[in-house]
Amino acid sequence: MLGSLGSNVRRAESTGNRPLYNGALSMNVPTHSSTINDIARLFAGLDGGGFGHVRGSMAWTAHKQRMDRLWATHVSHHREPLQSWASAEIGDVQGANALFYPFSGPDFLFASVICPSAETYVLAGLEPAEPLPRLESLSQSEIESGLNGLHNSVSTIMTSSYFITTEMRSTLQATRFRGVLPVIMAFLARTGHSVDSVDTVRVDGNGNVTLAGSSGNTGLMIRFHSGMGRPKRVFYFRQDLSNGGGAGPLLTYVSRMGRIPTFLKSASYLMHDGGFSSIRDFILRHSSAIVQDPSGIPFRDFGRSGWDLWLYGNYRSTLAIFSGCQQPDLAGAYSSQRYPVKPLNFGIGYLMNPETTCLMVARPRRG
């Protein structure tokens, strides 16, 4: 069980018992919460807040219009159908206090639907977390290119439910709005949350998450809330999850939360490869439930590990780009009547056609 919201994070301190690092300053993030939230709303294309020199530009007006269109598409095609499905089918996950979402990149959008009650979200990907630019110092051309880059970074996941990793990495590094922080802040604002603070963090060798400065940080901790709701936080860790990637300390941290749900979507079928067996086995050992599309843990591994399965949609095959990761046993499971199967009226992950999409829900077998 998780303790209080701040109990799992330690603050590095100097010998004088003063904070050694200020993660907000290292990321060029204002320390006043209302100003931080103003920036999140600006990135999201939402009215309200300061930075009139940006909001008054034609570039921001165009950004707002593009983000409004993307949000409307996301809500109607993905968010509302997924919310309806999740409310009916995964109430245990919906009410969980924490969610682990490896291979996520900065995808808070779908994490917030799968587990809306969570106090803590742990996301992990290979994309860096970099300092924000000082908005007041940017030229109009830098503002325009930055907002264009931010729109391009989020457009695929908001319309098609997944990031194209190579495109996202290129786009995230191409302008002054670099890294995952602007994306996560925009998603927090668009999902109705207010951003309270941003800190840089690292995980030490014992699996403790410690507030850190710009040197040695491996991720972010963003505190936020919605309406009068309780404080929440999202962690993003830049972490190689392959067997040789040094993910042990991060997994130790996650394991201390007890058994929590894991969400896997658009994971590039990496855990079908032996080079990612450690993260695959960790998820199977430590999760209270697993919600995934076929790109996550191979279907065959659930039978070996003692899980009950519920299948949704109608899996037939995967995309040609992942032709080496076909799962005929999963296709057969849909027609075998061995597992409960229910239809889906929406696409998710790489398989966007509702007639051929697939979601799997796994829970540890009892007794």
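A residue is called buried here when its relative accessible area is under 20%, exposed when that area is over 50%, and partly exposed in between, with a 1.4 Å probe and protein chains only. By that criterion, buried residues make up 56% of the 367 residues in the protein chain. The structure is a predicted model, in which local features need pLDDT of at least 70 and side-chain atom pairs count only at pLDDT 80 or more, whereas totals for chains, interfaces and linings use all residues. Residues are numbered from 1 along each chain as its sequence is written, and side-chain values use heavy atoms, with hydrogens and water left out.

The chain contains 13 helices and 12 strands. These elements are DSSP runs numbered from the N terminus, a helix being H or I over at least four residues and a strand being E over at least two. Contact means heavy atoms within 4.5 Å. Among contacts between residues at least 6 apart in sequence, 69% join residues at least 24 apart.

The helix pairs come next. Two packed helices are described by the angle between their axes and the distance between the axes. The axes are lines fitted to C-alpha atoms, for helices over the stretch in contact, and the angles run from 0 to 180 degrees between N-to-C directions. Helix α4 (residues 58–89) packs on helix α7 (residues 140–160) at an angle of about 10 degrees, and their axes lie 9 Å apart. The two are therefore roughly parallel to each other, a description given to angles under 35 degrees, while those over 145 count as roughly antiparallel, 65 to 115 as roughly perpendicular and the rest as oblique. Residues of α4 in this contact include W60, M67, L70 and W71, and those of α7 include L147, L150, V154 and I157. By class, the contact of α4 with α7 has 10 nonpolar, 9 polar and 2 charged residues. In this classification Ala, Val, Leu, Ile, Met, Phe, Trp, Tyr, Cys and Pro are nonpolar, Asp, Glu, Lys and Arg are charged, and the others, Gly among them, are polar.

A second pair is formed by helix α10 (residues 248–255) and helix α11 (residues 277–286), whose axes come within 12 Å and cross at roughly 10 degrees. These helices, too, are therefore roughly parallel to each other. L251, V254 and S255 of α10 meet I279, F282 and H286 of α11. The residues of this contact divide into 4 nonpolar, 2 polar and no charged.

Attention now turns to the strands, which pair if DSSP finds at least two bridges between them. Strand β7 (residues 232–238) is mostly covered, with 6 of its 7 residues buried. Strand β3 (residues 120–125) runs parallel to β7 and is joined to it by 6 bridges; here L123 stands opposite Y236. Strand β6 (residues 219–225) pairs with β7 in the antiparallel sense, also over 6 bridges, and R223 has R233 as its bridge partner in β7. The hairpin of β6 and β7 has 6 residues between the strands, and G227 takes a positive phi near 50 degrees.

Helix α9 (residues 181–190) contains I184, which is buried with a relative accessible area of 1%. Apart from neighbours within four places in sequence, I184 is in contact with P106, I222, V234 and Y236. The C-alpha atoms of I184 and I222 are separated by 9.0 Å, although the residues are 38 apart along the chain.

In a regular strand the side chains alternate between the two faces of the sheet. Strand β5 (residues 209–212) is covered on both faces: V209 and L211 on one side, and T210 and A212 on the other, are all buried. Strand β4 (residues 194–203) runs antiparallel to β5 and is joined to it by 4 bridges, with R202 opposite T210. These strands form a hairpin with 5 residues between them, and G207 in the turn has a positive phi of about 85 degrees.

Finally, the loop between β10 and α13 holds Q327, which is buried with a relative accessible area of 4%. Not counting residues up to four places away in sequence, Q327 touches Y269, H272, P294, P298, F299 and Y315. In helix α13 (residues 328–336) the buried residues are L330, A333 and Y334. They cover an arc of only 100 degrees around the axis, which puts them on the same side of α13; the arc is that of the directions from the helix axis to the C-beta atoms. P328 and S335 are exposed on the other side of α13. The buried residues of α13 pack against α12 (299–305), β10 (307–313), β11 (341–342) and β12 (358–364). Q337 follows α13 and has a positive phi, near 65 degrees.
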